[in-house]
Amino acid sequence: MPKTPLRAALAVLLTLTALSTPSAYADDPAPVAVTVNARAALAAVPETGLGTNHAIWDSNLGTDATADLLKDAGMKLLRYPGGSYSDIYHWADHTAPGGYVAPDTDFDTFMRGVRRTGAQPMVTANYGTGTAEEAAAWVRHANVTKGYGVKYWEIGNENYGNGHYGAAWEADDHADKSPNEYARHVVAYADAMKAVDPTIKIGAVLTTPANWPDAIVAEGDSGTWNKVVLSAAGSKIDFVILHWYPGALDRTGHVPDMIQLTRDQIAKYAGPGSERIGIAMTEFNTGSSSNGTNTQPGALAAADAYATLLANGVFTVDWWNVHNGIGAVTEVEGHTDYGDFGLLSSGGCTSDGSVCEPPLNTPFAPYYALQMMSKFARPGDRFVRAATDQPKVTAHAARRPNGDLAVMLINTSSDTSYPAAIGYSGFTPASGAPTVLTHTNGAQSITTSTTGSATAQTLPPLSLTTIVLRPTTQQAGRPGAPGQPTATGVTDRSATITWPAAAPGSRPIAKYEVHRQNGAVTEQLGETAGTSLTVHNLKPGTRYTLNVIARDSGGTQSWPSPPVTFTTGTPATSSCSVRLTVQSDWASGYVGAIDITNNGAPVNGWTLTFGWPRTWQSLGSGWSAVWTQEGSQIKAVNEPGNGALATGASTTIGFVGNYTGPNVLPSVFTLNGTVCTTR
C-alpha cells in the first residue's frame, strides 16, 4: 500500500532519528547472569593452596626482596630446588653436575626465605642421579639437625621423561628406566626417609591425564606409568604429583575430569587406605607464549585454573616459577609479553639487546592473579559452586568461616565491559555496596573500592573482580555442617549416602536433606531424620556430586557438608552385556575393542549405541560394523556377516577414538534399545 503524506513524513523522521541517536544502547551487551550456590559446597581451601617454584640457578632465590614480594602475593608453599634440576642436585655440597648453580641458593638459604615468606617448603629429592641414603640424610639435616619441619618430600621430578617413552629431558642414571624401577626406588626412598622422620609426607610422580605420556604402555611394562607406580608404591606414599602446562588459555574445563581420573586411578591401584593419598600440582603454567605468558590473558587463565584445581581438592598448585627469564617477545592485548614464565621479572634482555624486561622483581600480570586468589579464597574457606551464562565470563565463589561470601569474576573479553547480574542460593547478602577488588589489563596493583551492589557489578575487559559480601543476618545458633559423606551400595539406579551427624545449634536437628549438584543448581534428592539415605532414580553411568544439609526444628539450615562424588554403574543383569577394552593408547587417541554378548533371545540384526562423555572426544574410524556419529552419539550397526547373535553368542567390533582432553571412557551401551551390563 502506498504511503500517505503523514506516513511518509513519519518514516523520514524515524530514519533521521535512527541516524542521529547514539548506537550505544543497541550495542550494549546483555547482563551476564551469574549464579552462586552456597548450598553446593566443594573442597575447602587448603593451607598450602597457593604455591610457586624456586630454582637454584636463580641468584635472587634467597633475597629478602623476593621473599617479601612472595609474601605479599600470599604464597603458602615454595618448592625447591627447581624442576629438572632436582634430578641432578646434591644438597650436601650444593652442586648440580651439568647445570648452573647460582651463589647463595643452598638449602639453608632457601629455608630462610621460606620463613620470611611465611610459607611451607616442598623439597624434591634427587631420584635421577641420587640415592635413598642421600635423601634420608637431607631429611635428617632439615628436620633433626635444623628443626625446619619440612613436611612434603617428592621423589624426583618428571621421571617419565627419562627416555623410556622416547623423549628424554630428565636425568636418570638407572639402567632400568621403567616405571617399575622408579616405583621400587620410591619404596626404598620412603622407607629410608621415614625412618629418620616418620611424620613427613612422601610424593610420587604421576603422568597427568591426557598429557603425554599418560595412557601409553611401553614395551615390557605391565601397564601405564601410573598403574605400575601406584600398584607397586601406593602403600608407601602420601600424595601424588601432577604437572600441567595446558598451552592454551581455555583448558580449565578439563580440570574436574583430570583430577577425578587421577583419583580413580589411585583408588583402583594404590591398595587399601588409598583415600589418604592427596594430589599436588607442583608445576603449573599456562605455557602459552603466543597468547600471553606474562600479560593479562595468562593472568586470567592462571586465576581460573588455580581456583578450579583447588575447588576440586588439589592441596597445592605451584606456579612455574618465580624468576625464569626472557623468551619470545610479542605484543599481547596492548602490552609487551616477554615470553617469561616467571612471576617476577628477571630484568634481562634478548641476546641482541633489542628488548629488555622491566627492572628486576617487577611483578608480571600472573603475580597479581595469584595475589587476587589469596584475597579471594583464604585457607579455611570453602569453595562453593558458581557459574555464568556467558562463555567470556567465569565465576568462582568461596564461603568464609564467619559467614561472609567472596565471588571472583573473570572477564576474558578483550573489548567488552559486561554488566553482571548476580543471583544467590543459600545466601542472602546484606544491602549496600560491597568491597570490590579489581585488577585490569596492564594495571600494576589490585584496587579496592566500595561500589555497585551484591547483585550488580560491571566487569571491565580483561579483568579480575572479587566482591566480598556479608550476610544480611548471621543466624546465631545455626546447626553445624554434617561431616564428610560416603557413598556405598552404588548401583545403576541408586546409592546409599551416609554421613556423621551435625552438631546441633540452639535447637535440635529435625532432619537432613541430600542435595545433588547440577552445575550451579542443586536438586534435593531426599530427606531423613537419620544419618543415612538411599537415593533412587539415578541415571546409569553418571557422575554425581552430593552435599548433605542439616535443618533444625525451627527451619534453620546448616552450611552444606563437604561433597561426596561417585559414579553409577550399569544394570547388574541385562539381556546384553558389553566389555570395552583399550587395545593401545597414544595420549591423544586410542584403539577400543567392544565385546558384545547377547544374553537374551536370539537376535537377527543389532544396533549398538553409546555417547561420548565429553565434547573433546570423537570417532576416528571403526570396523566390523557400520559406524556413524551424530553430535556426541555413536551408532554401530551390524555388518551382513555378524548380525545374527544366538543366546550366549558374542561378537567383537572396534574403533579409533580421538580426544584432546581427559579421556573419560564411554560406560553406558544400549543394544537394540536395551541398556547393557558393562563388564
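This is a predicted model: local features need pLDDT of at least 70, side-chain atom pairs count only at pLDDT 80 or more; totals for chains, interfaces and linings use all residues.
**View 1. Strand β21 and its two antiparallel partners, β20 and β24.** Strands are DSSP runs of E with at least two residues, and helices are runs of H or I with at least four, both numbered from the N terminus; two strands pair if DSSP finds at least two bridges between them. Strand β20 (residues 486-488) is joined to β21 by three bridges, and in their hairpin, with six residues between the strands, Gly489 takes a positive phi near 60 degrees. β21 also pairs with strand β24 (residues 532-535) over four bridges, where Ile497 has Leu533 as its bridge partner. In β21 (residues 495-498), Ala495 and Ile497 form the covered face, while Thr496 and Thr498 form the uncovered one. In a regular strand the side chains alternate between the two faces of the sheet.

**View 2. The closed barrel of eight strands, β2-β3-β4-β5-β6-β7-β8-β9, with parallel pairing.** Neighbouring strands of this sheet are turned by 25 degrees against each other on average, direction ignored.

**View 3. The packing of helix α6 (residues 179-196) and helix α7 (residues 225-233).** Their axes, which are lines fitted to C-alpha atoms over the stretch in contact, come within 8 Å and cross at roughly 30 degrees, with angles taken from 0 to 180 degrees between N-to-C directions. That angle makes α6 roughly parallel to α7, a term for angles under 35 degrees. The contact (heavy atoms within 4.5 Å) includes Tyr182 and Val186 of α6 together with Trp225 and Val229 of α7.

**View 4. The packing of helix α9 (residues 296-311) against helix α10 (residues 365-376).** The two helices pack at an angle of about 30 degrees, with their axes 8 Å apart. Among the residues that meet are Ala303, Tyr306 and Leu310 in α9, and Pro366, Leu370 and Met373 in α10.

Notes: Residues are numbered from 1 along each chain as its sequence is written. Side-chain values use heavy atoms; hydrogens and water are left out. Buried means under 20% relative accessible area, exposed over 50%, partly exposed in between (1.4 Å probe, protein chains only). Angles under 35 degrees count as roughly parallel, over 145 as roughly antiparallel, 65 to 115 as roughly perpendicular and the rest as oblique.
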